[in-house]
Number of protein chains: 2
Amino acid sequence: MLIGNSNRQVTELMKKIDVGRNVPIYPMPVTLIGSNVGGRPNFMAAAWITRANSTPPMLAVSLNKPRLTAEGIRENGTFSVNFPGTKMVRETDYCGLFSGRDADKSGVFEVFYGKLETAPMIEDCPLSIECEMSEVLSLPTNDLFIGEIAAAYSEERYFTEGRLDVRKIDPLLLTMPDNSYWAVGEYVGPAWSLGQELKEQ
Amino acid sequence: MLIGNSNRQVTELMKKIDVGRNVPIYPMPVTLIGSNVGGRPNFMAAAWITRANSTPPMLAVSLNKPRLTAEGIRENGTFSVNFPGTKMVRETDYCGLFSGRDADKSGVFEVFYGKLETAPMIEDCPLSIECEMSEVLSLPTNDLFIGEIAAAYSEERYFTEGRLDVRKIDPLLLTMPDNSYWAVGEYVGPAWSLGQELKEQ
């Protein structure tokens with residue numbers, strides 16, 4: 001049931017339909033979360049992730065409670081966030097399909113370590129972030145891991161004019177419930193700029 | 001300084017460069033967060049958002065502490081998450097440029113209300129979610145609002161074969177620090193499927 005505000009006709013509003021509660025974010029960024037489990041690198045695909053704090057830089061990633069990665073993060077107090085390019089879609093999907101409990105994922109990627117020393121990162125990913133676990137918010141079925149970003153690593157070839165270039169990173173997107181991967185598409189316009197016109201009207 | 005694991009040569013690893021700590025997620029979904037402030041609808045653009053819990057469905061959105069929207073959410077205990085299509089980029093950017101303290105944004109969009117009655121939603125957005133505030137995690141400069149999804153609304157025209165179709169929703173993406181909006185691009189492949197090949201090898 002939709003309740004219109006005073007300046008809308010109910011007949012117009014009736015176009016809206018209730019689509020249920022279990023809706024995704026459109027679209028979701030695809031990452032590979034790295035952690036050492038028993039001293040061995042493990043990676044899981046995760047799309048429930050966001051920046052969480054400006055200063056210091058922090059991010060939040062939501063993991064189902066029984067995840068092996070959650071154990072690894074707690075074991076070391078560190079984890080990594082790696083952004084696979086679209087070329088890495090098969091390896092990424094593999095890391096989403098199978099738990100480290102059932103498949104040894106330590107050999108899927110060439111791994112490097114940064115200043116935290118225990119957060120495994122993926123050599124082939126255009127961008128890798130290493131985080132120190134800051135706190136964990138326990139929710140009913142998931143744990144929200146808050147990590148402070150310790151460092152991030154990329155390569156010169158992913159830069160244009162001194163800045164990371166999303167066209168070169170070529171990150172993967174995910175949509176549900178159609179369970180599809182997508183690439184970033186057309187440029188739409190400059191942010192913190194286009195809306196200026198409306199203010200001046 | 002990068003520390004390689006035993007099977008990597010240092011010379012190869014040296015391609016990686018430290019890009020600093022303040023890195024974004026690539027890419028970020030663009031949403032408009034709706035709240036009533038003093039009984040009047042207000043909307044801000046927000047890209048720091050993720051699903052946070054599976055059951056019940058929850059999401060998390062990070063807001064700078066001084067935001068007017070944060071006041072509105074606390075006032076009513078409700079908020080909405082609206083996904084603008086690429087056609088709405090000017091209005092969306094406007095809501096990111098100007099605070100409700102400086103600009104009355106109540107007239108930018110046609111508004112409707114759902115079952116929570118105090119979470120204003122945007123008629124023109126292909127998908128709108130209304131949430132009850134569940135808890136707030138206070139971080140140094142931001143508050144992470146956890147909301148339980150109460151309902152979500154769309155229209156028949158955004159569906160294909162009974163499912164929401166990201167091609168029809170045509171959501172906006174944001175990248176930083178280049179401050180650019182993008183559309184969703186090419187289909188890359190099926191999720192929870194492509195990686196199966198690697199298991200079978």
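How many residues does the contact take from chain A and from chain B? It takes 101 residues from chain A and 101 residues from chain B. The views below show close-ups of this predicted model.

**View 1. The side of chain A that touches chain B.** Strand E16 (residues 180-190) of chain A gives the most to this side, with 11 residues. By class, the side of chain A that touches chain B has 58 nonpolar, 24 polar and 19 charged residues. For the complex, the predictor gives an ipTM of 0.92 and a pTM of 0.92.

**View 2. An open sheet with strands from chains A and B.** Six strands follow the order E3(A)-E15(A)-E16(A)-E16(B)-E15(B)-E3(B), with antiparallel pairing. Strand E3 (28-29) of chain A and strand E3 (28-29) of chain B stand at the edges; each has a single partner strand, so one side of each is left without a neighbour in the sheet. In chain A, E3(A) pairs with strand E15 (residues 172-175) over 2 bridges, in the antiparallel sense. Here A:Pro29 has A:Leu173 as its bridge partner in E15(A).

**View 3. Strand pairing between E2(A) and E12(B).** Strand E2 (residues 16-18) of chain A is joined to strand E12 (residues 142-155) of chain B by 3 bridges, and the two run antiparallel. The bridge partner of A:Asp18 in E12(B) is B:Tyr153.

**View 4. Strand E11 of chain A and its partners E8 and E12.** Strand E8 (residues 78-83) of chain A pairs with strand E11 (residues 127-138) of chain A in the antiparallel sense over 6 bridges. Within this pair, A:Val81 has A:Ile129 as its bridge partner in E11(A). E11(A) is also joined by 10 bridges to strand E12 (residues 142-155) of chain A, again antiparallel. A:Leu137 is bridged to A:Leu144 in E12(A). E11(A) and E12(A) form a hairpin, with 3 residues between them.

**View 5. The largest nonpolar core.** This core has 124 residues, and those with the most contacts inside it are A:Ala60 and B:Ala60. Leaving aside residues up to four places away in sequence, B:Ala60 touches A:Thr50, A:Ala60 and A:Leu144 of chain A, among others. In chain B, the residues that B:Ala60 touches include B:Ile49, B:Phe145 and B:Ile146.

**View 6. Helix H3 of chain A.** Of the 9 residues of helix H3 (residues 89-97) of chain A, 7 are buried, so the helix is largely enclosed by the rest of the structure. The buried residues are A:Val89, A:Glu91, A:Thr92, A:Asp93, A:Tyr94, A:Cys95 and A:Gly96.

**View 7. Backbone geometry in loops.** The peptide bond from A:Thr55 to A:Pro56 is cis, with omega near -5°. A:Pro56 is in the loop between strand E6 (49-53) and strand E7 (58-64) of chain A. In chain B, a cis peptide bond joins B:Thr55 and B:Pro56, with omega about -5°. A:Glu117 is not a glycine, yet has a positive phi of about 70°. A:Glu117 counts as exposed because it has 12 C-beta neighbours inside 10 Å. B:Glu161 also has a positive phi, near 50°, and lies in the loop between strand E13 (159-160) and strand E14 (163-164) of chain B.

**View 8. Confidence along chain A.** Chain A averages a pLDDT of 91, and 92% of the residues score at least 70. Over residues 1-11 of chain A, pLDDT stays under 50, and for these residues the model has 16 contacts beyond four places in sequence.

Notes: Residues are numbered from 1 along each chain as its sequence is written. Chains are lettered from A and ligands numbered from 1 in the order in which they are written. This is a predicted model: local features need pLDDT of at least 70, side-chain atom pairs count only at pLDDT 80 or more; totals for chains, interfaces and linings use all residues. Two strands pair if DSSP finds at least two bridges between them. Helices (H or I, at least four residues) and strands (E, at least two) are DSSP runs, numbered from the N terminus. A nonpolar core is a set of buried Ala, Val, Leu, Ile, Met, Phe, Trp, Tyr and Cys residues joined through C-beta atoms within 7 Å. A residue is buried if 20 or more other C-beta atoms lie within 10 Å of its own, exposed if 12 or fewer, and partly exposed in between; C-beta atoms are placed from the backbone. Two residues are in contact if their C-beta atoms, placed from the backbone, lie within 7 Å. Ala, Val, Leu, Ile, Met, Phe, Trp, Tyr, Cys and Pro count as nonpolar, Asp, Glu, Lys and Arg as charged, and the others, Gly among them, as polar. pLDDT is the predictor's confidence in each residue, from 0 to 100.
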